Amino acid sequence: MKKVKIGNQNFNFPSSWNEMTVEQLCFLAKILKGQVTTTEIKLKMALFSIGARVRRYHRAYGDGYAILLAKKNIYLETDQFIQLSSIFDFILKNENELDIKLTKNPFPKITVGKKVLYGPEDGLTNISYGQFIMLQTWQHRMTNDFNKYIDDFLAVIWKPDKFNASDVGDSSLFHYMLDNCIKTVMCWYYFGSINFISEKFPRI
């Protein structure tokens, strides 16, 4: 975690994907649905993390912006806003691409309707070879139609009642009820784990 002082208050911010909360991950998935710049993405994430909002102010010596935090205005210069947004530099590889390094499963257990789905351990460490192959198959199909196949993809490793590595089936009876932002975060966990494995074992 990274400690940052804003005004006279200290705040803790995540310094990696695995330190982000479920709420922060889902908020990131939500804002990425819109037309936003990379600076806006990072600034929105920083403000969301501390429960703050931006307000424009008018003063005799000029206009500017302040963040409203706990009913109190904290006035910041432009370069301070840029510095605040830079806290979340780690989420982006470049201007148009996320640097997904999420290996901690944010949803080891999640309730869907009256069912509870159980997912794999951090880093996909307990999935079977059969499940890995099924994930690769559905991932390939998702490149052509993400929304059509996402539920089948997630159903390979998020199982009702309990996680079972020997179960390579893909019955997606409950996954359609999941919020799209949650589905996106689940995919980030998979891609982040695959990226980690690829980096550690490049010859596999």
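Predicted model: local features only at pLDDT ≥ 70, side-chain atom pairs only at ≥ 80, totals over all residues.
Which residue forms a salt bridge with Asp-151, and how far apart are the closest N and O atoms? I looked this up before anything else. The partner is Lys-183, and the closest N and O atoms sit 2.7 Å apart. Asp-151 belongs to helix 5 (residues 146–155) and Lys-183 to helix 6 (residues 180–200), so the pair ties together parts that are 32 residues apart in sequence. I then checked burial for both ends. Asp-151 has a relative accessible area of 13%, so I filed the residue as buried. Lys-183 comes out at 7% relative accessibility and also counts as buried.

**Overall look.** The secondary structure of the protein chain comes to six helices and 10 strands. Of the 204 residues in the protein chain, 41% are buried. I also went through the contacts with a separation of 6 or more: residues 24 or more positions apart account for 59% of them. The protein chain exposes about 12,000 Å², with carbon and sulfur atoms supplying 50% of that area.

**Back to the charges.** Side chains of opposite charge can pair when their charged atoms come close. My count for this model is four salt bridges. One of them joins Asp-89 to Lys-42, with 2.6 Å between the closest N and O atoms. Asp-89 lies in the loop between helix 3 (78–85) and strand 6 (92–94), while Lys-42 is in helix 2 (residues 38–50), so this pair ties together parts that are 47 residues apart in sequence. Asp-89 is partly exposed at a relative accessible area of 38%, whereas Lys-42 counts as buried at 15%.

Asp-99 is buried, with 18% relative accessibility, and Lys-101 is partly exposed, with 45%.

**Nonpolar surface.** Which residues form a nonpolar patch on the surface? I found Tyr-129, Phe-132 and Ile-133, with about 320 Å² of accessible area together. I followed up on Phe-132, which lies in helix 4 (residues 129–142). Phe-132 has a relative accessibility of 31% and counts as partly exposed. The cut-off for joining a patch is over 30% relative accessible area, so Phe-132 qualifies.

How values were computed: Residues numbered from 1 in each chain as written. Heavy atoms only, no water. Salt bridge = Lys/Arg side-chain N within 4 Å of Asp/Glu carboxyl O. Helix = DSSP H or I, 4+ residues; strand = E, 2+ residues; numbered from the N terminus. Buried < 20%, exposed > 50% of the residue type's maximum accessible area, 1.4 Å probe, protein only. Patch = residues over 30% accessible without salt bridge, like charges linked within 9 Å, V, L, I, M, F, W, Y side chains within 5 Å. Areas by Shrake-Rupley, 256 points an atom, 1.4 Å probe, with all protein chains shown as cover. Contact = heavy atoms within 4.5 Å.
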